[in-house]
Amino acid sequence: MRAVLCAPQRVLQLTLAIIKPDAVAHPLILEAVHKTILSKRFLIVRSKDLVWSRQDSQQFYQEHSGRFFYQRLVEFMASGPMRAYILAHEEAIPLWRSLMGPTKVFRAQHTAPESIRGAYGLTDTRNTVHGSDSAASASREMAFFFPEFSEREWYQHEEPQLRGGPVCYDTKAAVHRVPRDGWTPEAD
Ligand code: CDP
Ligand code: MG
């Protein structure tokens, strides 16, 4: 009888992560944040490069309308290309928030210098990354960026396969996949 090598894993949690325009403008920083995602063993479920209109930006950050930083935030987020990811991990939401570090870059540099914002953030607004702060925000934000993505269907079909493994990273599509349907990493 074969020994069971892996303890059963918990259900994967999803979060929405953004690499903001300040980081996408610098290819080396973009690559460094992307590598952090891979090295922390997140599964990349979907990824997309895009540019927001001012309207997209206003809608996404509606909860902050009225705050003193709202206008500068809206303008910054519509100022250039960004990258959005749906990430999966057993603790995707708190793990990604902790890797991001504190919102304010000065605080991040002092209290969490190894965090993404501590290492690459420029200002309180141009702070490199976004991450959902709860499961409800994650669902809303995934639907905002990936309207074609069905969380329900993903949990039904893809999650059990990804959790069971084996899983490979498809560098061309920039997502993790289960090697099947004629696709293997070697076929790239
Ligand atoms: O992004 P996070 O959830 O850590 O912080 P938030 O309080 O939800 O704020 C959303 C975004 O607004 C931040 O990530 C910053 O880009 C921006 N912000 C700002 O420009 N100035 C502040 N004093 C606070 C937030
Ligand atoms: Mg927030």
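The questions and answers below concern aromatic pairs and a charged patch in a predicted model.

Trainee: How many aromatic pairs does the structure hold?

Mentor: Rings of Phe, Tyr and Trp pair if their centres lie within 6.5 Å. On that basis, the number of aromatic pairs in the structure is 11.

Trainee: Is the aromatic pair of Trp-52 and Phe-145 stacked or edge-to-face?

Mentor: The ring centres of Trp-52 and Phe-145 are 5.4 Å apart, with 25° between the planes. Planes under 30 degrees apart count as stacked. The pair of Trp-52 and Phe-145 is therefore stacked.

Trainee: How many residues apart in sequence are the parts that this pair ties together?

Mentor: Trp-52 sits in the loop between strand E2 (43-50) and H3. Phe-145 belongs to helix H8 (residues 135-145). The separation in sequence is thus 93 residues.

Trainee: Is Phe-145 buried or exposed?

Mentor: Buried means under 20% relative accessible area. Phe-145 has a relative accessibility of 3%, so Phe-145 counts as buried.

Trainee: Is Arg-67 buried or partly exposed?

Mentor: Arg-67 is in the loop between helix H3 (54-60) and helix H4 (70-77). Together with Arg-72, Lys-104 and Arg-107, Arg-67 forms a positive surface patch. Its relative accessibility is 46%, which lies between the cut-offs of 20% and 50%. Arg-67 therefore counts as partly exposed.

Technical notes: Residues numbered from 1 in each chain as written. Chains lettered and ligands numbered in written order. Predicted model: local features only at pLDDT ≥ 70, side-chain atom pairs only at ≥ 80, totals over all residues. Heavy atoms only, no water. Patch = residues over 30% accessible without salt bridge, like charges linked within 9 Å, V, L, I, M, F, W, Y side chains within 5 Å. Areas by Shrake-Rupley, 256 points an atom, 1.4 Å probe, with all protein chains shown as cover. Salt bridge = Lys/Arg side-chain N within 4 Å of Asp/Glu carboxyl O. Lys, Arg positive; Asp, Glu negative; His and termini not counted. Charge placed at Lys NZ, Arg CZ, Asp CG, Glu CD. Helix = DSSP H or I, 4+ residues; strand = E, 2+ residues; numbered from the N terminus. Buried < 20%, exposed > 50% of the residue type's maximum accessible area, 1.4 Å probe, protein only. Phe/Tyr/Trp six-rings, centres within 6.5 Å; stacked < 30°, edge-to-face > 60°.
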